Amino acid sequence: MVPKNYDAIVLASFGGPEGQDDVLPFLRNVTRGRGIPDERLEEVSHHYRAFGGISPINGQNRALRAAMEAELRRRGIDLPVYWGNRNWAPFIADTLREAYDAGHRRILAVTTSAYSSYSSCRQYREDLGMALVETGLEGLLEVDKTRQYFDHPGFVEPFVEGVTEGLRKVRASLAGRGEADAPVHIMFATHSIPTGDAEASGPRAADGGPAYEDGAYVAQHLATAQAVLDRIPEAEGVNWSLVYQSRSGAPHIPWLEPDVNDALRERADAGVRGVVIVPLGFVSDHMEVAWDLDTEALETCRELDLVADRVPTPATHEKFVAGLIDLVSERTIENNIADRPAATALGPWFDVCRPNCCANRRGEKPTIAAVDSTVGTPLPNPGS
Ligand SMILES: CC1=C(CCC(=O)O)c2cc3nc(cc4[nH]c(cc5[nH]c(cc1n2)c(C)c5CCC(=O)O)c(CCC(=O)O)c4C)C(CCC(=O)O)=C3C
Ligand SMILES: [Fe+2]
């Protein structure tokens with residue numbers, strides 16, 4: 001894309017409840033349009049209930065926003081950072097309205113989601129598009145989005161540090177138990193999605209895009225995991241795998257497998273004694289990490305007597321924050337960075353998506369950041 005004179009950044013995220021009273025309304029928002037009864041939603045709310053109804057995600061986004069502002073200040077870049085969520089306050093629509101009322105006209109969105117799939121890319125584009133329609137700002141406010149950053153060095157490097165440290169800790173614990181040479185496994189974990197969504201993720205060959213075996217979502221995770229390992233000499237020869245977590249939905253619909261807990265059992269049966277768990281699919285330690293990994297998967301490790309270390313998410317790691325501001329600078333006229341680094345052969349990913357990118361049998365909704373976007377499309381750009 002030709003660099004533009006954006007005048008504000010919107011950090012777009014998932015959102016989460018901030019008290020017990022928020023939990024059901026939040027879950028209704030997440031599942032809206034699918035007619036899931038409250039009794040069923042109450043069943044999937046147990047992890048929120050156990051945390052006092054408070055998801056850690058909003059606090060993490062407040063910290064990320066502050067860290068991005070600090071990095072922008074440090075570089076002398078004058079761009080405000082707004083924050084808006086898909087499923088809880090502050091809602092994206094209200095955030096766009098606020099930015100518009102403050103005089104901003106060209107927004108660059110940065111999402112807290114690194115990979116391509118309906119849930120991790122297209123749904124953000126749709127919700128930004130629908131927010132423009134809902135607020136009546138269509139044609140008045142231009143909204144673009146930075147590229148998916150699964151293979152940006154700013155996302156990869158914190159995992160390189162984390163896996164290096166995790167391997168050291170697991171090996172030291174095993175040595176302390178007299179098992180210095182016991183087999184260790186590196187397990188990369190990401191959010192499971194329906195296999196239909198996985199196959200439809202990324203640009204479709206039929207629409208002029210490259211084809212990926214099992215879809216772009218899986219291909220991006222495998223390539224990123226390999227990029228992390230390639231940067232760690234101590235990981236040479238260590239077995240690794242990509243596993244999935246946080247499956248939901250009806251049991252008859254296939255989702256990506258294996259589940260992290262099943263995979264841990266299988267490895268333990270095969271003689272593995274130590275495991276480094278890498279939350280490769282996640283930007284911060286939100287509920288999926290705090291519950292599905294730190295509560296459930298680590299409990300499985302204890303049952304199996306596996307030595308385990310869960311690697312940190314990028315969160316507000318200085319390299320990650322600098323990477324996000326680099327991604328912004330790729331797109332801005334001032335402070336432009338012409339180099340578009342990518343740690344895998346799949347990237348650098350596209351700034352705009354082709355038609356049907358990550359679309360899987362869902363109705364057409366207005367999307368931003370697509371070749372055929374009907375909303376958020378370019379206003380005359382005096383700066384370019
Ligand atoms: C790929 C992916 C990411 C990673 C990309 C990204 O980060 O965007 C992600 C993130 C998140 N998912 C989250 C929470 C939920 N996801 C759900 C449901 C679903 N996720 C899906 C996929 C993903 N989800 C899918 C295919 C569904 C089923 C269909 C649907 O419902 O769309 C449900 C419904 C209840 C349930 O079914 O369990 C909840 C409550 C939170 C907030 C955590 C917190 O509060 O700290 C976050 C960051
Ligand atoms: Fe989710």
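Guide: Welcome! A crossing of two helices is called left-handed if the near helix is turned anticlockwise from the far one by less than a right angle, and right-handed if clockwise. Please keep in mind that this is a predicted model.

Visitor: Thanks! What is the handedness of the crossing of H7 and H9?
Guide: Look for helix H7, residues 153-176, and helix H9, residues 216-230. Their axes come within 9 Å and cross at roughly 55 degrees. By the definition above, the crossing of H7 and H9 is right-handed.

Visitor: Which residues of H9 make that contact with H7?
Guide: From H7 come Val156, Phe159, Val160 and Val163. By class, the residues of this contact are six nonpolar, one polar and no charged. On the H9 side, the partners are Thr224, Ala227 and Val228.

Visitor: How do H10 and H11 run relative to each other, roughly parallel or oblique?
Guide: Helix H10 spans residues 260-269, and its axis comes within 9 Å of that of H11, with a crossing at roughly 15 degrees. Angles under 35 degrees count as roughly parallel. The pair H10 and H11 is therefore roughly parallel.

Visitor: Which residues of H11 meet H10?
Guide: H10 brings Val260, Asn261 and Leu264. The contact of H10 with H11 has four nonpolar, two polar and one charged residues. Facing H10 from H11 are Glu296, Ala297, Thr300 and Cys301.

Visitor: Now the domains: which element gives the largest share of the side of domain 1 that touches domain 2?
Guide: Domain 1 covers 8-150 + 317-329, and domain 2 covers 153-310. Their contact takes 25 residues from domain 1 and 24 residues from domain 2. On the domain 1 side, two or more residues each come from helix H3 (46-50), helix H4 (57-74), H6 and helix H12 (318-329). The largest share, six residues, comes from H12.

Visitor: How far apart do the C-alpha centres of the two domains lie?
Guide: The side of domain 1 that touches domain 2 has twelve nonpolar, eleven polar and two charged residues. As for the C-alpha centres of domain 1 and domain 2, they lie apart by 25 Å.

Visitor: And ligand 1: which residues are the closest to it?
Guide: Ligand 1 is surrounded by 22 residues, with at least three drawn from each of domain 1 and domain 2. The shell divides into eight nonpolar, 13 polar and one charged. The closest residues are Gly16, Ser55, Ser248, His286 and Met287.

Note on methods
Residues numbered from 1 in each chain as written. Chains lettered and ligands numbered in written order. Predicted model: local features only at pLDDT ≥ 70, side-chain atom pairs only at ≥ 80, totals over all residues. Axes fitted to C-alpha atoms, helices over the stretch in contact; angles between N-to-C directions. Helix = DSSP H or I, 4+ residues; strand = E, 2+ residues; numbered from the N terminus. Contact = placed C-beta atoms within 7 Å. Nonpolar A, V, L, I, M, F, W, Y, C, P; charged D, E, K, R; others polar. Near = placed C-beta within 6 Å. Domains from an automatic or database assignment. Parallel < 35°, antiparallel > 145°, perpendicular 65-115°, else oblique.
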